[in-house]
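Dear colleague,

Please find below the structure I promised to hand over. My notes on what was found in it follow directly after.

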Amino acid sequence: MVTIQESAVDAPEALSLLEEYFRSRELGFANQNVVYSIAFPAVDAFTAPAGVFVIARDESGRAVGCGGIRRVPSGQNGTRYELKHLYLRPETRGRGWGRNLLSALESHAQALGASELVLDTHHSLTAAGALYANAGYMLTDPYNDNPNATRWYVKSLVG
């Protein structure tokens with residue numbers, strides 16, 4: 001079982017998980033001869049009402065994953081938040097915890113008044129792409145110029 005709790009994005013456990021996440025992406029991109037650009041999240045972007053950051057904990061209370069949402073410019077459908085840095089340690093994957101983490105972040109976005117949630121990802125992250133598709137995210141046109149992204153998704157949070 002996993003529990004999800006809010007955290008400051010610059011808390012030691014959050015920074016440790018983000019470093020793991022960035023390191024894994026950097027290695028994955030290097031295998032594809034692509035340079036990965038690292039940008040640690042700004043604290044104010046992941047503090048309510050601008051956003052929120054969460055940590056996933058396993059049964060023993062150990063921090064095993066993280067993710068956040070941040071407000072971005074509104075879209076056609078109104079208030080928009082962006083999902084960022086969804087990460088689970090490799091040994092915890094395949095248990096449905098990614099879906100729990102995603103669901104918790106969607107709930108936070110709704111509580112902050114979001115009408116839709118967007119995200120960007122890389123096509124090489126096939127498990128992430130499957131998670132998003134199974135959770136109702138649809139491919140959309142690029143909404144940013146993230147050099148690490150090759151796919152963009154959107155999900156309506158209303159109705």
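Y21, F22 and Y87 form one aromatic cluster. Please note that the model is a predicted one. Across it, the count of aromatic pairs comes to five. One of them joins Y132 and Y137 edge-to-face, with 5.9 Å from centre to centre and 65 degrees between the planes. Both Y132 and Y137 are buried. Y132 also pairs with Y153: the ring centres are 5.9 Å apart and the planes stand at 55 degrees, so this pair is tilted. Because Y132 lies in helix 3 and Y153 in strand 7 (residues 151-156), the pair ties together parts that are 21 residues apart in sequence. Y153 is buried, as is Y132.

A further ring to inspect is that of W97: the charged end of R95 sits over it, 4.8 Å from its centre. W97 is also among the buried residues of helix 2, which include L101, L102, L105 and E106. Helix 2 covers residues 97-111, and its 15 residues reach 21 Å from the first C-alpha to the last, close to the 21 Å expected at 1.5 Å a residue. Just after helix 2, G113 adopts a positive phi of about 95 degrees.

Lastly, H122 is found in the loop between strand 5 (116-121) and helix 3 (126-134). Is H122 buried or exposed? Its relative accessible area is 7%, which is under the 20% cut-off, so H122 counts as buried. The side chain of H122 makes a polar contact of 2.8 Å with the side chain of S124.

With kind regards

Definitions and conventions
Residues numbered from 1 in each chain as written. Predicted model: local features only at pLDDT ≥ 70, side-chain atom pairs only at ≥ 80, totals over all residues. Heavy atoms only, no water. Helix = DSSP H or I, 4+ residues; strand = E, 2+ residues; numbered from the N terminus. Expected span 1.5 Å × (residues − 1). Buried < 20%, exposed > 50% of the residue type's maximum accessible area, 1.4 Å probe, protein only. Polar contact = N/O pair within 3.5 Å; in protein donor to acceptor, adjacent residues only side chain to side chain. Phe/Tyr/Trp six-rings, centres within 6.5 Å; stacked < 30°, edge-to-face > 60°. Lys NZ or Arg CZ within 6 Å of the ring centre and 35° of its normal.
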